[in-house]
Amino acid sequence: MTGFIVRRFGQMLLALLGVSVIVFALIHLVPGDPVRIALGTRYDPDIHAALVERAGLDRPIPIQYASWLGSALVGDLGVSFRSGQPVTGMVLERLPATLTLAGAALLVAVGVGIPLGVVSAVRSGSKLDYTATAASQVGVSVPDFWAGIMYILLFSLILGWLPPSGYVSPLEDFWGWLSHLILPALSVGLVSASIVFRFVRSAVLEALNQDYTRTARAKGLSRKRVLWDHVLPNAWIPIVTIIGLQLGFMLGGVVVVEILFAWPGIGRLAFVAVGDRDYTVLQGTVLYIAFMFLIINLFVDILYGWLDPRIRYD
Amino acid sequence: MTDPAAVLDAGDPPVEHRSRLRTTVETVLRNRLAVAGLIMLTVLVVVALFAPLIAPYGINEPDVANRLSGPSLDHVFGTDNIGRDVFSRVVIASRVSLQVGAISVGIAVALGVPIGLISGYYGGRIDSVLMRLMDILLSIPAIVLAIAILAALGPNIFNAMVAIGIVYTPIFARITRGSVLSLRDAVFVRAARSIGATDTRIIATHILPNVIAPIIVQTSLSLAFAILAEAALSFLGLGVQPPDPAWGRMLSEGRGFFQQAPWMALFPGLAILFTVMSFNLVGDGLRDALDPQQRSLIESRGVAE
């Protein structure tokens with residue numbers, strides 16, 4: 001197991017290195033002078049020169065990359081072209097809001113998707129199964145940000161139950177924070193719940209149709225015992241995988257939903273950076289999102305290897 | 001002297017002669033959801049093809065007196081904040097959505113399938129390098145990578161197609177590679193090699209036809225993803241630029257007029273839902289027909305019920 005973890009960790013570092021090249025290349029893909037474009041109408045030769053020097057854009061590209069990577073490794077991602085603030089600070093400040101939203105969305109996805117998937121599989125062909133399957137078909141096809149718009153319309157504007165957007169710190173007003181969290185979490189979470197539901201349903205159905213399940217039933221075990229002791233343990237592996245994949249998918253979904261709900265996370269930071277052409281901030285946010293994504297995948301893989309020993313020796 | 005092929009053929013039941021294509025089509029047509037998806041898709045393509053004839057008004061034809069008016073006989077989906085007919089804009093925008101979907105998935109297939117073929121066929125170092133590269137692309141959430149590419153290249157519809165195409169390339173590369181791996185040492189491939197067929201010939205005439213099924217399935221499902229991605233990018237203002245209508249753009253324009261004109265955001269969203277769902281249904285149907293593992297699951301489900 002240790003060897004497996006070490007190997008996967010090494011692969012992750014390699015991927016992260018590759019991501020760093022892409023992120024670094026971003027600013028060089030910009031047609032023309034990125035600092036000039038970022039400054040726009042606020043152009044001033046002195047500020048321009050200072051920013052170019054601070055970002056090291058006047059040096060040869062391999063040296064630029066090496067020094068950018070060296071700084072990034074110690075947590076220095078440069079300063080914002082727009083505000084002059086350190087990028088790392090800007091990202092870290094907004095990270096908790098994003099993680100909270102992703103966590104809440106995951107809770108929705110797992111809390112709705114898993115129980116419904118198991119029940120649907122056990123009672124496959126029932127009315128509940130058909131309804132849930134049909135709902136999941138809509139769920140996987142609906143854009144999460146449009147679902148968000150519809151929730152705002154229904155729960156905020158028509159019913160007036162929840163605030164349409166914004167953020168309150170949980171330390172100041174816990175219930176206010178929770179009420180602001182619900183709609184964005186549902187927007188991202190219910191789409192994922194549909195995908196989790198489909199995988200859980202088919203994984204459980206598959207386990208239900210295995211010989212060992214039939215044997216367990218034949219030797220007289222109750223349906224409940226068979227489900228808990230034989231079916232679910234075997235269905236876990238695909239379920240864990242899909243949850244891990246969903247968490248990564250959520251990091252993407254959260255970005256768009258944050259913008260819709262004015263949620264102060266790094267997705268919104270990235271979006272504002274795109275509008276401002278603040279390339280260093282964009283680099284920082286993409287790097288952090290990819291980093292979180294890779295950590296999640298590493299964690300899922302380790303869990304996967306632990307659940308199914310065959311995978312470790314692959 | 002009898003023809004040896006005739007002797008071999010004589011014992012076969014007629015069902016063996018049915019082509020794979022026919023079997024696939026029949027399996028898909030037996031699946032009611034897939035048929036529903038096909039019908040939805042046909043409606044969509046017809047609407048997109050004849051959009052200028054179907055749309056009652058021009059896409060940028062303001063009717064200022066009737067701005068923000070609700071659905072009526074004159075304007076079935078209502079009008080927007082500058083009095084443009086929402087129905088006409090939704091209809092015309094179907095063209096952009098389908099076009100972006102088709103071209104971006106086309107890019108992903110054109111890049112991903114050859115990468116997967118080479119990677120799976122040659123193995124070794126080439127495989128490691130190519131697959132690690134794909135892993136790197138997969139290390140950034142799709143929409144974030146697309147946003148980053150568009151931020152660098154500049155937001156417009158052409159770049160959006162390139163960005164979405166690049167983002168979905170690794171999926172095709174991986175799926176193709178996985179299928180090729182299982183064929184690399186198949187008897188017919190070794191036979192072809194032993195009679196001196198070149199690698200290019202083996203890949204093109206022996207391997208590719210045998211790995212095409214999962215690629216077709218993935219193409220349909222990816223079209224659904226690509227259309228969702230384009231909608232998200234246009235919603236963020238990074239895709240289709242005004243005054244051209246796109247469903248995602250219309251949603252973001254409608255956001256400011258929630259209270260007065262909910263139809264501005266309702267109908268473009270339903271159009272996205274309709275389109276994505278049709279590709280998903282067709283994709284699921286194709287998977288059931290073409291992917292034996294999934295098919296056996298369905299069959300066993302039939303037995304169990």
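Predicted model: local features only at pLDDT ≥ 70, side-chain atom pairs only at ≥ 80, totals over all residues.
**Stop 1: confidence**

Stay with chain A and select helix H5 (residues 87–122), where confidence is highest, at 90. Then pick helix H13 (residues 309–312) of chain A, where the mean is lowest, at 65. Helices here (H or I, at least four residues) and strands (E, at least two) are DSSP runs, numbered from the N terminus.

Now switch to chain B, which averages a pLDDT of 81, with 89% of the residues scoring at least 70. Among its elements, helix H5 (residues 86–122) of chain B has the highest mean pLDDT (90) and H13(B) the lowest (41). Select residues 7–16 of chain B as well: pLDDT there is below 50, and the stretch has 1 contact beyond near neighbours in sequence. Two residues are in contact if their C-beta atoms, placed from the backbone, lie within 7 Å. Residues 294–305 of chain B also stay under 50, but for them the model has 13 contacts beyond four places in sequence. The model as a whole scores ipTM 0.82 and pTM 0.83.

**Stop 2: chain A as a whole**

Show chain A as a cartoon. How many helices and strands does chain A have? There are 13 helices and 0 strands. The C-alpha trace of chain A spans about 85 × 55 × 35 Å along its principal axes. Of its 314 residues, 42% count as buried, meaning that 20 or more other C-beta atoms lie within 10 Å of a residue's own; a residue with 12 or fewer is exposed, and one in between is partly exposed, with C-beta atoms placed from the backbone. Among contacts in chain A between residues at least 6 apart in sequence, 73% join residues at least 24 apart.

**Stop 3**

Select A:Ser187, in helix H8 (residues 174–208) of chain A. Is A:Ser187 buried or exposed? A:Ser187 counts as buried because it has 29 C-beta neighbours inside 10 Å. Among the residues that A:Ser187 touches are A:Asp144, A:Phe145 and A:Tyr151. A:Tyr151 is 36 residues away from A:Ser187 in sequence and 7.8 Å away in space, C-alpha to C-alpha.

Next, go to A:Ala262 in the loop between H10 and H11 of chain A. Most residues other than glycine have a negative phi. A:Ala262 is not a glycine, yet its phi is positive, at about 50 degrees. A:Ala262 has 13 C-beta neighbours inside 10 Å, so it counts as partly exposed.

**Stop 4: where the chains meet**

Show both chains. The contact takes 43 residues from chain A and 38 residues from chain B. Which helix gives the most to the side of chain B that touches chain A? H7(B) does, with 8 residues. By class, that side of chain B has 27 nonpolar (Ala, Val, Leu, Ile, Met, Phe, Trp, Tyr, Cys and Pro), 5 charged (Asp, Glu, Lys and Arg) and 6 polar residues (the others, Gly among them).

**Stop 5: helix H7 of chain B**

Zoom in on H7(B), residues 142–153. Its 12 residues reach 16 Å from first C-alpha to last, close to the 16 Å expected at 1.5 Å a residue, the expected span being 1.5 Å times one less than the number of residues. Because 11 of the 12 residues are buried, H7(B) is largely enclosed by the rest of the structure. What covers the buried residues includes helix H1 (2–29) of chain A and helix H8 (157–183) of chain B. Just after H7(B), B:Gly154 takes a positive phi of about 105 degrees.

Finish on B:Ala146, one of the buried residues of H7(B). B:Ala146 touches residues including B:Ala163, B:Val167 and B:Leu233. The largest nonpolar core has 174 residues, and those with the most contacts inside it are A:Ala105 and B:Ala146. Such a core is a set of buried Ala, Val, Leu, Ile, Met, Phe, Trp, Tyr and Cys residues joined through C-beta atoms within 7 Å.

Notes:
Residues numbered from 1 in each chain as written. Chains lettered and ligands numbered in written order. pLDDT = per-residue confidence, 0-100.
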